[in-house]
Amino acid sequence: MASGLKIALIRGDGIGIDVADATIEVVNAACERCGAPALSYDEINAGAGYYAETGQDIEPGGEERAGKADAIFLGAIGLPSIRHEDGTEISPHLRLRDRFGLYAGIRPIKAYPNAPQRLADPRAAQIDMVILRESTEGLFYSAAAHKRSEVIGDTEVRDTLRITRRTTEKLHDFAFKLAQKRKERGKPGRVTCVDKANVFTSMAFFRKIFDEIRPNYPAIEANYNYVDAQALDLVRRPWDFDVMVMENMFGDILSDLGGGLVGGMGMAACAEIGDENGLFQPAHGSAPDIMGQDKANPLAAILSGALMLDYLGEGSGDSRYNDAAAMIEASVDKGFAANALRPMEFGGDMGTLATTREVVAGLKV
């Protein structure tokens, strides 16, 4: 059984500090109530604020310590007022993705009762899907943090979109296994390959590998959608989708659209999984204008904490962590259903602390 699991904790910038604190409180309470061994935390300084103080975006040895931990939890990184000379934001988390091969970016999108629904169709209440975003390649291969762009004087910049067989095979395999797991839990168990295979050779290659993997999962329905049509369908009929697998930039854009459908980025949880490491963070930004004011919605971070516990349970073989994850998710479900969770982000009367307390109160064995 697991014991002494360590979390590399990067609170980061802005409300990252607020929501990370909320997540630790909820995760620790859930572990205690499930009898799971207590987690320990190794705090690592990183982010735009740290860069402004030191000229470095992460403390010396921080990346190595993060890689040795059982999981990494990140609050938020970046401040609009602090940037590199080329105008790009401080983003050490992109380097962590690249260094540790965190190829499977999981973005759950779920509608909750009494949370804002942006679509009038009553079927929008049934939205429960996952965008699986490849997180190390695609167009983000040339992200500024990696220094791979070709800069031609002051007249042209070329960014490379990269798709490799090795990573894409793992990504598609992960997608089908995720759909299989969701099917066992009563979800549709359907995978949609989202690409632009009609225009780009790289995307045709992405789809070709999808077609090679799909026969290994005959019980899982599989289909395709071009990314522009997928954006349209996420507005017209998002309830028809389950797991959507796609390139990095496509996933970056569509996951924010998905978050908007179910209330906002304050509900946008995120897990980034590799072969040996996992990083968990809310998908929202640092919102420095409300930092420390007890206004941030911590639920995206808290739900990311639940994803982290699920990951720890699978990796360690200790199902009590999986139980703790399910307990957090059930508390959020029940809290919204009872109208007991009313985040300020949605026009409610509950700030960060009150929302956190309510989730903790809803943790039931």
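The lining of the largest pocket draws at least two residues from each of β4, β5, α5 (165-184), α8 (248-261), β11 (271-273), α9 and α10. The model described here is predicted. Among the contributing elements, α5 supplies the largest share of this lining, with seven residues. The volume of the largest pocket is about 1,000 Å³. In total, 41 residues line the largest pocket, and those nearest its centre are Leu178, Arg185, Leu307, Asp310 and Glu329. Sorted by class, the lining of the largest pocket comprises 24 nonpolar, 14 charged and three polar residues.

The second largest pocket holds about 900 Å³ of space. Its lining is made up of 37 residues, with Glu89, Ser91, His93, Leu94 and Phe140 closest to the centre of the pocket. Two or more residues of the lining of the second largest pocket come from α4 (92-100) and likewise from α8. Helix α8 also gives at least two residues to the lining of the largest pocket. By class, 17 nonpolar, 10 polar and 10 charged residues line the second largest pocket.

Aromatic contacts were examined next. A pair of aromatic rings is described by the distance of the centres and the angle of the planes. Six aromatic pairs are present in the structure. In one of them, tyrosine 112 and phenylalanine 336 are tilted, with 5.3 Å from centre to centre and 35° between the planes. This pair links distant parts of the chain, 224 residues apart: tyrosine 112 belongs to the loop between β4 (104-110) and β5 (128-134), whereas phenylalanine 336 belongs to helix α10 (residues 319-337). Tyrosine 112 counts as buried because its relative accessibility is 7%, under the 20% cut-off. Phenylalanine 336 also counts as buried, at a relative accessibility of 0%.

Another pair is formed by phenylalanine 280 and tyrosine 311, and this pair is tilted because the ring planes stand at 55° with the centres 5.3 Å apart. Since phenylalanine 280 lies in strand β12 (residues 278-280) and tyrosine 311 in helix α9 (residues 299-316), the pair ties together parts that are 31 residues apart in sequence. Phenylalanine 280 counts as buried, with 1% relative accessibility.

Phe176, Phe210, Tyr217 and Tyr224 make up one aromatic cluster. The ring of tyrosine 224, a member of this cluster, also has a charged group over it: the charged end of arginine 207 sits 4.2 Å from the ring centre.

Two helices were then considered in turn. Helix α1 (residues 15-34) contains 20 residues and spans 29 Å from its first C-alpha to its last, close to the 28 Å expected at 1.5 Å a residue. Of the 20 residues of α1, 14 are buried, and the helix is thus mostly covered.

In helix α4, the buried residues are Pro92, His93, Leu94, Leu96, Arg97 and Phe100. Two of these, His93 and Leu94, are among the residues closest to the centre of the second largest pocket. Just after α4, glycine 101 adopts a positive phi of about 60°.

Technical notes:
Residues numbered from 1 in each chain as written. Predicted model: local features only at pLDDT ≥ 70, side-chain atom pairs only at ≥ 80, totals over all residues. Heavy atoms only, no water. Phe/Tyr/Trp six-rings, centres within 6.5 Å; stacked < 30°, edge-to-face > 60°. Helix = DSSP H or I, 4+ residues; strand = E, 2+ residues; numbered from the N terminus. Buried < 20%, exposed > 50% of the residue type's maximum accessible area, 1.4 Å probe, protein only. Lys NZ or Arg CZ within 6 Å of the ring centre and 35° of its normal. 1 Å grid on protein atoms, 1.4 Å probe; cavity = no way out; pocket = protein on both sides within 12 Å on 5 of 7 lines; lining within 4 Å. Points joined across faces, edges and corners; volume = space filled by probe spheres on them. Nonpolar A, V, L, I, M, F, W, Y, C, P; charged D, E, K, R; others polar. Expected span 1.5 Å × (residues − 1).
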